[in-house]
Amino acid sequence: MSAKIYRDAWGIPHLRAENAAELAFLQGRNAAVDRAWQIEVDRHRSQGTTAAFLGADALAWDRFARQARLDDTARRCFRSLDETTASWIERYVDGINAGLADGARRAPQFAATGLAPGRWQPWTPLSLWLTTHVLFAGFPTKLWREEVARALGDAATELFATDGPGTSGSNGWLVTGERTVTGAPLIAGDPHRFIEDPGIYQQIQLSCPEFDVVGLAVPGVPGIPHFGHTGSVAWAITNAMADYQDLYRERLRRRRPAAGLGPEVEALGPDGWRPATVHTETITVAGATPVEIEVIETDRGPVVIGGPDEAVAISLRTPPRVTGDLGFGALPALLRARTVADVDRAFDGWAEPVNVVQAADTRGGLLHRVAGRVPLRHRDNRLRVVPAWEPGHEWRGWYEPLPREAVDGVAVMANQRGLAAPLGVEFAPPHRAERIRQLLDKPHALTAKDMAAVHMDTLLASARPLLKLLAELDGLSEEAALLRDRLTIWDRRMDAASTDAAVYADLRSAVVRRLAAHPALEALAGKSGPAAYPEVFLPWLALVPRVAFALEGLLTTGALPEIDRTAVVREAVEEVAAADRTPTAWGQTHRLAPWQALPATPHEMWPALSGDHDCVLSTSSVPGVDDRCVRGPAARYVWDLARREDSLWVVPLGASGVPGDEHHRDQLPLWLRGELVPVITDWNQLTEERDDF
């Protein structure tokens, strides 16, 4: 059997080879042919070289990637891999290098930017992984807490705590066989990420004599790390919302260099001044002058903010940089898993990001645990930027054992405070998790198709506090009273066709803007703090989004007594009622807005969406700023342990990353309606591609 690529009716690749090494090569080549532009942009992002072809808008990220030493960390992590895993990744990279030229010829973005496909290194997949997930733990939130403490005092540090605009979450649930029609478990969910074109996940089947797995791969990374089904065992993950990255305020000074040597920098630690590593790099910028940056690393980690000649210097400490281990040894082990115990052992070696894992097998095994690496350190490290020179902020080993729970009927994880509570500070509100449990609490046994309705639920439980304040208002104008009465009986469903949902969204945005403009928060709206921070961190430091995502708490907290919340809502409802506008549906402004490195059609009109941030159908916009959806379900899946071929999946766009290809966006209509594509595992139902590899 030579290596072959097959496709189903949706263009989803199904790969067969004679052994795992050749299958890895085939997976890499397929990623290069189907997703050349996507993975090359990601490679350049990981190296900090995107400004060379995307221009000055990409400079902020390139600066951060280089100063954070993402590619160098990946190189370290690759060197620490066992020989078998390293060889497997190398074969994948060989496949990418073999396919990039063909893939680039298919993708018009290369010609549009003048970019030529480059050459991947063995550690490049690890570098992509780090780049994709370095912000998952939300360490910039610690910068925001510093600003809150500066403006409002230390007691207010956690006032805005919530699942904020810069993090990524997921819904995930496991239903045991006692609750299903077949008597076998179901695992379902949808990872919430920034929606990208092409999509972050690739539906795929990987088959050789050693294993046969279907799942969601990440183009540019071998294997199936997050969501997979081997036939006898299936697994899925959600973001645990753990805190495992620290920021240290550094004191840096320059010393006169010795003859023939470059500049020397020292950093003050608990044991006094110690040398830091320092070198300069040049970032090429298309259409502009190259930019020279200084890359400094102290005993804590790379300096990602400021430097020895600036008022502020802050370093970033992350587990992979400290240990040289990203956990990629788990990837081939997952492909070979046959039981829950195999999955459990594989995730014992996982590092980043820290996830909640759910798994089930055909023998009755069940798993609900946290996987990853979380350092033991002072609680202040989790909350704030801590002084590097003060003792007590060092890492003291790793949190072990990581939390796990038995599964009784249903296990749900939607980033809420629960299983992973000892490991984090900020979690998602409980609404999504509670609603999923409610929807699964049916008198009848559940099927794989029942899960689609759960995915698409639009009830917005977090609307209660605002609607309660609204209902209590009296003395309103006639127009405002009508609006109040209308929203009082609204079903709180954020459906795309709902005009009531649109009115609520207008009211919420007006409240958010008024709260953000209140004198009590004036100091947070200033530029004295955030102006010192690089551009890449500014989304975490913008006041209006922070108010928007913390609105439920801000309307119910006893803090900030100087804010008359009733008056704020009164003014907001009068503002909305007085606006001269034709009634519109929520979906007219709440539209999909995927990130594109190079938009094929500027100002393209994307489709309307149902849902909202705290709905199970979590389609996130930023109230008070923009109703367009930038983050939502990057895939949906249902793994059926009774028969793998009864499993279902869908992605927002399609299997192909090539604009104009018939499978570039053919799944979008299904994704919008909440429909899922059958998982095909019968090779007789697939079409073989002509090329042999």
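## Helix α3

In α3, the residues L59, A60, W61, D62, F64, A65, R66 and Q67 are buried, where buried means under 20% relative accessible area, exposed over 50% and partly exposed in between, with a 1.4 Å probe and protein chains only. The helix is thus mostly covered, with eight of its nine residues buried. Just after α3, R69 adopts a positive phi of about 60 degrees. Helices (H or I, at least four residues) and strands (E, at least two) are DSSP runs numbered from the N terminus.

The model is predicted: local features need pLDDT of at least 70, side-chain atom pairs count only at pLDDT 80 or more, and totals for chains, interfaces and linings use all residues. Residues are numbered from 1 along each chain as its sequence is written, and side-chain values use heavy atoms, with hydrogens and water left out.

## Strand β1 and its partners

Strand β1 (residues 4-7) is covered on both faces: K4 and Y6 are buried on one side, I5 and R7 on the other. It pairs with strand β2 (residues 13-16) in the antiparallel sense over four bridges; two strands pair if DSSP finds at least two bridges between them. Within this pairing, I5 stands opposite L15 in β2. Five residues lie between the strands of the β1 and β2 hairpin, in which G11 takes a positive phi near 75 degrees.

Strand β1 also pairs with strand β25 (residues 687-688), in the antiparallel sense and over two bridges. Here T687 of β25 is the bridge partner of R7.

Pockets and cavities are found on a 1 Å grid over the protein atoms alone: a cavity is a set of points where a 1.4 Å probe fits but cannot get out, a pocket is an open set with protein on both sides within 12 Å along at least five of seven lines, and lining residues have an atom within 4 Å of a point. Grid points are joined across faces, edges and corners, and a volume is the space filled by probe spheres set on the points.

The largest pocket has a volume of about 1,800 Å³. It is lined by 42 residues, of which R45, W61, F194, P539 and W595 are the closest to its centre. Elements that each supply at least two lining residues include α1 (20-47), α3 (59-67), β4 (186-194) and α19 (543-549). The largest share, four residues, comes from β21. By class, this lining has 24 nonpolar, nine polar and nine charged residues; Ala, Val, Leu, Ile, Met, Phe, Trp, Tyr, Cys and Pro count as nonpolar, Asp, Glu, Lys and Arg as charged, and the others, Gly among them, as polar. The second largest pocket has a volume of about 410 Å³. Of its 27 lining residues, T162, P429, F549, E552 and D614 are the closest to the centre. Two or more lining residues come from each of α17 (499-516), α19 and α20 (551-554), and α20 gives the largest share, four residues. This lining comprises 16 nonpolar, five polar and six charged residues.

## Enclosed cavities

The structure holds 11 cavities of 30 Å³ or more. The second largest cavity contains about 100 Å³ of space. Its lining includes A68, L70, T73, L130, Q245 and E352, and α4 (70-79) and α9 (319-323) are the elements that give two or more residues to it. The residues of this lining divide into seven nonpolar, three polar and two charged.

## Aromatic pairs

Rings of Phe, Tyr and Trp (its six-membered ring) pair if their centres lie within 6.5 Å; planes under 30 degrees apart count as stacked, over 60 as edge-to-face and the rest as tilted. By this rule the count comes to 17 aromatic pairs. The pair of W144 and F160 is edge-to-face because the ring centres are 5.3 Å apart and the planes stand at 80 degrees. W144 belongs to helix α8 (residues 141-152) and F160 to the loop between α8 and β3 (169-175), 16 residues apart. W144 is buried, with a relative accessible area of 2%, and F160 counts as buried at 1%.

Y201 and F227 form another edge-to-face pair, 5.5 Å centre to centre with 85 degrees between the planes. Both residues are buried. Ring pairs link Y201, F227, Y637, W639 and W649 into a cluster.
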